Amino acid sequence: MQCPACDTELPAENRFCEECGTPLPNAEAIPAPESSEDGCPRCGAPGESIDTEGYCAQCGFRRGRASRNHFEITISPHFAGVCDRGLRHSRNEDFFCIGGQYVMVVCDGVSSSRRAEEASQVAAECAFQALVAGAGIEEALKQSQAAVLDINLANSGGHEDDPATTMVLAVVEGNKASIGWVGDSRAYWISPGGNRQLTRDHSWVNEMAPSDVKPNSAQMHAITRWLGHGAPEEDPCLIDFEIPGPGALLLCTDGLWNYAPETDSLAALVVDGDAIEVTRELVNFARAQGGVDNITAVLLQFPVEAPISQ
Amino acid sequence: MNFKAEVFQNAYLSQGTREVHAIMTITAADDGSGGISTSGDKLFGIICDTSGSMEGAKIHAAKQAMTRIVELLPQDAYFFVIAGSDHAVTVSPCARATAESKQSAISAIRTIRAGGGTYISTWLSQALAQFDRMPGAIRQGLLLTDGQNEQVDEPRLDAMLNACEGHFQCECRGVGADWVIAELQKISGKLLGSTDIIPDAAGIENDFRGILERALKKDVTDVALRLWTPVGARVLFCKQVSPQLVDLTQRAHAVKPQTSDYPTGAWGRSESRDYHFAIEVKPGGVGDEMLAGRASLIITQNRVESKATEARILAIWTDDEAKSTRIERHVAHYTGQAELAESIHQGLEARERGEDEVATRLLGKAVRLAHESGNEATAKLLRTVVDVENAREGTVRLKSSVAREDAMALETRSTKTARISRP
């Protein structure tokens with residue numbers, strides 16, 4: 001081949017001109033540094049440079065940080081979700097997985113625990129894989145609990161601040177939704193025919209507080225059940241919900257519902273449009289209200305195959 | 001024995017911030033659970049100035065103190081004695097402290113006479129030869145002098161210090177007020193010891209006993225602080241900040257790219273020290289988390305390295321000012337202690353030059369810092385140099401006449417820091 005700049009005759013496999021250094025068309029064929037989970041996305045260091053906690057032995061940056069701050073998944077125009085760090089927290093300890101026909105899992109790492117962002121991710125991924133493989137809600141919760149306990153801590157030994165997370169998960173088959181939850185991440189049914197909160201928070205307010213006591217804000221956010229070390233051994237909370245007609249199933253973390261605690265005020269924010277647009281709007285709403293917590297919203301619209309009405 | 005490390009820092013940084021500060025507390029403990037095996041042998045070397053200026057009360061007191069030290073040595077320790085002037089004489093070579101060798105050492109000490117000049121390089125050279133006989137032992141030297149090293153010996157002394165580095169540790173003591181602080185600090189700094197004044201020759205024995213007691217409490221030697229930093233990072237400083245300020249920054253020995261060792265010498269069980277790291281890193285974006293440093297304690301025994309403990313220094317960039325503007329209290333405390341020592345050093349220099357106004361301001365600031373941090377020992381030493389009107393505000397008057405020994409004691413001991421109080 002010939003160099004396009006200086007016309008020097010060159011071996012075909014050259015990537016640069018030996019005479020003038022001009023990059024040849026072959027140069028583009030050099031594989032880009034692996035940006036896979038194996039290497040450091042920041043400096044390109046190979047996978048073996050990443051330590052067990054995700055820190056790169058070359059540049060020091062912790063892997064997965066940037067993408068954890070905000071991510072979106074669109075499965076179809078009717079099925080999508082957004083997870084966002086919000087404005088006040090330094091890391092995003094929420095996580096979600098969606099896919100299949102149709103599986104949704106949302107987790108909120110307990111921020112008082114260590115490596116909460118890992119707990120939420122490990123739990124959500126574990127439950128998602130179990131559900132996609134055909135496991136029931138109860139089995140998925142059980143496996144996630146074991147996965148969170150398995151997170152390898154340098155100096156573990158059952159501490160109160162070991163990784164912990166909430167979870168709300170749903171499987172939809174036909175017009176039947178099976179839903180389970182632990183903690184205060186919620187599922188809602190939102191439709192013109194009426195809105196319903198489908199889950200009941202495992203929270204201090206719901207389960208501990210005498211009815212005549214107005215809780216302070218710390219109590220408001222205290223959860224009584226979670227996945228991880230010290231999780232109370234109680235029967236899981238499961239419900240089956242029959243999809244009554246057109247509408248949407250919304251799963252979200254308290255970073256969203258805290259700003260619209262009443263079901264109808266939250267439902268009013270679930271406008272028409274592509275699921276990804278709607279969930280982005282929900283996240284933007286929470287950010288506009290202050291964004292003090294991480295925010296996750298996942299939406300599945302019914303009928304799931306219908307064309308979008310704008 | 002075992003080591004435990006704990007890091008205190010505010011990992012949160014505002015956007016664009018590059019400087020990461022952390023205090024690491026390292027505690028050695030013998031909880032009987034094994035861990036690092038202790039070095040068995042202890043070698044104690046006395047290096048005593050016998051130049052002409054020592055003539056009289058000083059040489060008499062030094063001989064008495066050395067005799068006492070030899071008597072106090074436990075049977076399983078090893079020792080040697082060197083007398084130094086124009087050249088060095090090995091009064092008593094490296095030997096186990098048996099009754100017989102003690103007796104012959106004491107007889108030899110009795111024959112010491114003062115005379116000649118001060119050529120410290122020759123003394124250290126002789127000591128090095130003795131210490132190198134027992135490279136696996138805990139090797140502690142003690143150097144006593146009363147005057148200045150001969151000018152002509154300075155280049156040789158510098159070269160000899162480089163040769164001695166890592167071969168033994170040495171405490172330096174100046175008796176009287178005719179010696180030079182910076183000179184002894186150069187030696188003790190390189191050899192991981194401290195420099196102190198013995199104002200009156202009568203105090204030599206007591207001081208020597210303290211040094212011997214501390215030396216006998218050491219259990220492991222050749223301990224290094226190993227610091228890993230990310231690519232592109234720069235160590236702004238690495239200091240021991242408790243029990244005493246020792247700047248180790250220039251002592252870094254590169255192990256490999258990104259990793260340096262800082263010497264910390266020998267450790268005894270139940271000993272605890274604090275270190276202050278300042279690392280400049282490439283700043284990340286909001287939400288990024290970085291391992292800004294990984295500090296570990298490395299013990300080398302029979303040329304085999306083992307890691308005793310490790311701790312991480314983190315950096316997390318945030319847009320939450322409430323988090324990033326907070327100064328961690330250990331970092332704040334030791335930053336204050338370093339400022340205190342620096343104010344004293346510069347204040348005394350200004351006073352020496354006759355710049356009373358500058359001296360008053362700096363020593364006043366020192367009084368205030370000592371008061372605020374509860375450093376009572378330093379506050380007391382400051383009162384020998386200034387009259388304090390208001391400690392809280394740092395208003396002081398320079399004393400019209402100050403004994404040279406008092407100013408020297410303040411200067412040498414101002415590096416002793418107060419430990420942070422529990423919240």
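Two residues are in contact if their C-beta atoms, placed from the backbone, lie within 7 Å. This is a predicted model; local features need pLDDT of at least 70, side-chain atom pairs count only at pLDDT 80 or more, and totals for chains, interfaces and linings use all residues. Residues are numbered from 1 along each chain as its sequence is written, while chains are lettered from A and ligands numbered from 1 in written order.

**Exercise 1. Describe chain B as a whole.**

Step 1. Take the contacts in chain B between residues at least 6 apart in sequence: 74% join residues at least 24 apart.

Step 2. Count the elements. Chain B has 11 helices and 19 strands. Helices (H or I, at least four residues) and strands (E, at least two) are DSSP runs, numbered from the N terminus.

Step 3. Check burial. A residue is buried if 20 or more other C-beta atoms, placed from the backbone, lie within 10 Å of its own. In chain B, 47% of the 423 residues count as buried.

**Exercise 2. Work out the strand order of the open sheet in chain B and find its edges.**

Step 1. The sheet has 6 strands in the order β6-β5-β4-β7-β8-β9, with mixed pairing. Two strands pair if DSSP finds at least two bridges between them.

Step 2. β6 (88-96) and β9 (195-198) of chain B each have a single partner strand, so one side of each lacks a neighbour in the sheet.

Step 3. On average, neighbouring strands are turned by 15° against each other, direction ignored.

Step 4. β8 (residues 169-175) of chain B pairs with β9(B) in the parallel sense over 4 bridges. Arg173(B) stands opposite Asp196(B) in β9(B).

Step 5. Axes are lines fitted to C-alpha atoms, for helices over the stretch in contact; angles run from 0 to 180 degrees between N-to-C directions.

**Exercise 3. Classify the packing of α8(B) against α11(B).**

Step 1. The axes of α8 (residues 329-352) and α11 (residues 404-413) of chain B come within 9 Å and cross at roughly 150°.

Step 2. Angles over 145 degrees count as roughly antiparallel. α8(B) and α11(B) are therefore roughly antiparallel.

Step 3. Ile344(B), His345(B) and Leu348(B) in α8(B) meet Ala407(B), Leu410(B) and Glu411(B) in α11(B).

Conventions:
Parallel < 35°, antiparallel > 145°, perpendicular 65-115°, else oblique. Buried ≥ 20, exposed ≤ 12 C-beta atoms within 10 Å, placed from the backbone.
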